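Reader: I have a model open and a few local features to go through. Can we take them one at a time?
Author: Go ahead.

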Amino acid sequence: MRDEFGREVRYLRLSVTDRCNCRCLYCMPADGVPMMRHDQILSFEQMRDIVAAAASLGVRKVRLTGGEPLVRRGVVDLVRMVATVPGIDEVCMTTNATLLAPVAADLRDAGLTRLNVSLDTLDPQRYARITRCGRLEDALAGLEAARRAGFAHTKINCVLVGGLNDDQLRPLAQLARDHDLTVRFIELMRMGECASWPASRFVSADEVLAAVPELEPVGGEGVSEVYRAPGWRGSVGLIRPMTHQFCGQCDRIRISADGHLRPCLHSAASVDLRGLSGQQLLDAIRRGILAKPKGHRMQGGRASDAGRNMNEIGG
């Protein structure tokens with residue numbers, strides 16, 4: 001199905017929980033945020049039905065997000081349920097990987113096709129500072145377990161934060177030198193906790209190209225500009241929501257853990273899908289797709305219009 005601007009929506013990001021075992025500086029306050037009650041969060045059966053309805057409208061890829069999806073009990077079962085929905089070709093997950101090692105093989109067996117791992121630094125002390133309560137060794141153990149389980153083309157997501165990790169760009173990028181990985185650097189967005197941060201925190205993705213001048217452009221993948229360096233096994237991606245708006249290529253919608261379809265990460269618009277089924281559910285998803293705005297309005301230092309923290313939306 002296409003939105004009002006001709007963009008074909010084929011990608012659904014499904015938040016399975018608003019909870020997380022970390023408290024990343026750019027995602028939520030140090031003392032956390034009010035969490036949804038368990039009775040507010042969609043059941044796995046409701047999530048499967050929403051995915052099935054979206055698939056009938058043309059969605060082909062589902063990404064499970066959070067919060068941290070691995071804190072949701074039984075998430076392997078949800079992967080299996082979503083992977084068997086007719087029309088769904090790809091089931092992915094975004095995770096901080098600190099809880100991944102014990103379940104990586106089970107997720108692969110259940111039908112998970114690919115992983116995105118949030119990793120903003122390779123320095124243990126800096127990692128503890130950014131995540132507030134995470135351990136780098138757990139994330140790296142999760143990555144290794146994923147490799148052993150057979151996950152390929154894993155993507156590393158690194159949020160660029162001035163004064164925190166902008167001196168780590170080359171070591172992070174070089175993960176793609178020796179491994180079949182894509183290391184993606186994402187410009188920090190003015191939303192949630194970050195809306196009032198000073199301008200020095202917002203670093204252009206051009207800094208990556210300055211730190212790793214041997215990178216050469218090789219095309220694009222979705223909203224990411226892709227680069228490679230001679231002899232490297234993997235690639236580097238740049239995602240520029242602040243300096244190069246890519247909304248014209250956006251093909252995604254989001255479902256929050258409490259069942260609200262959000263047509264844009266940076267819009268307050270939402271459509272409540274809870275309790276709907278059959279034609280009513282299909283019609284509501286159609287309304288959400290048609291409500292996708294042409295673009296966000298964060299240029300010039302303006303904050304996101306989302307009105308929620310990242311953990312509540314699903315990234």
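Reader: Which ring does the charged end of Arg 190 sit over?
Author: That of Phe 202; the charged end is 3.9 Å from the ring centre. Keep in mind that this is a predicted model.

Reader: And Lys 61, which ring does its charged end sit over?
Author: The ring of Tyr 11, with 4.4 Å to the ring centre.

Reader: How many aromatic pairs are there?
Author: The count is zero.

Reader: Is Cys 194 buried or exposed?
Author: Buried, at 1% relative accessible area. Cys 264 is buried too, with 14%.

Reader: Switching to helices. At what angle do H1 and H2 pack?
Author: About 25°, and their axes are 10 Å apart. H1 covers residues 44-56 and H2 covers residues 75-83.

Reader: Roughly parallel or roughly antiparallel, then?
Author: Roughly parallel, because the angle of about 25° falls under 35 degrees.

Reader: Which hand does the crossing have?
Author: H1 passes H2 in a right-handed crossing.

Reader: Now the backbone. Which peptide bond is cis, the one from Gly 66 to Gly 67 or something else?
Author: The bond from Gly 66 to Gly 67 is cis, with omega near 15°. Gly 67 is in the loop between strand S2 (61-65) and H2.

Reader: What about phi at Ala 97?
Author: Positive, about 70°, although Ala 97 is not a glycine. The residue is in the loop between strand S3 (90-95) and H3. Ala 97 is buried, with a relative accessible area of 0%.

Reader: And what is phi at Arg 132?
Author: Near 70°, again a positive value in a residue other than glycine. Arg 132 lies between helix H4 (124-131) and helix H5 (136-149), in the loop. Its relative accessibility is 31%, which counts as partly exposed.

Reader: Last one: where is Asp 106?
Author: In helix H3, residues 104-110. Asp 106 is partly exposed, with a relative accessible area of 40%.

Reader: How far is its C-alpha from that of Val 79?
Author: The C-alpha atoms of Asp 106 and Val 79 are separated by 9.8 Å, and the two residues are 27 residues apart along the chain.

Conventions: Residues are numbered from 1 along each chain as its sequence is written. This is a predicted model: local features need pLDDT of at least 70, side-chain atom pairs count only at pLDDT 80 or more; totals for chains, interfaces and linings use all residues. Side-chain values use heavy atoms; hydrogens and water are left out. Buried means under 20% relative accessible area, exposed over 50%, partly exposed in between (1.4 Å probe, protein chains only). Rings of Phe, Tyr and Trp (its six-membered ring) pair if their centres lie within 6.5 Å; planes under 30 degrees apart count as stacked, over 60 as edge-to-face and the rest as tilted. A charge sits over a ring if NZ of Lys or CZ of Arg is within 6 Å of the ring centre and within 35 degrees of the ring normal. Helices (H or I, at least four residues) and strands (E, at least two) are DSSP runs, numbered from the N terminus. Axes are lines fitted to C-alpha atoms, for helices over the stretch in contact, and angles run from 0 to 180 degrees between N-to-C directions. Angles under 35 degrees count as roughly parallel, over 145 as roughly antiparallel, 65 to 115 as roughly perpendicular and the rest as oblique. A crossing is left-handed if the near helix is turned anticlockwise from the far one by less than a right angle, and right-handed if clockwise.
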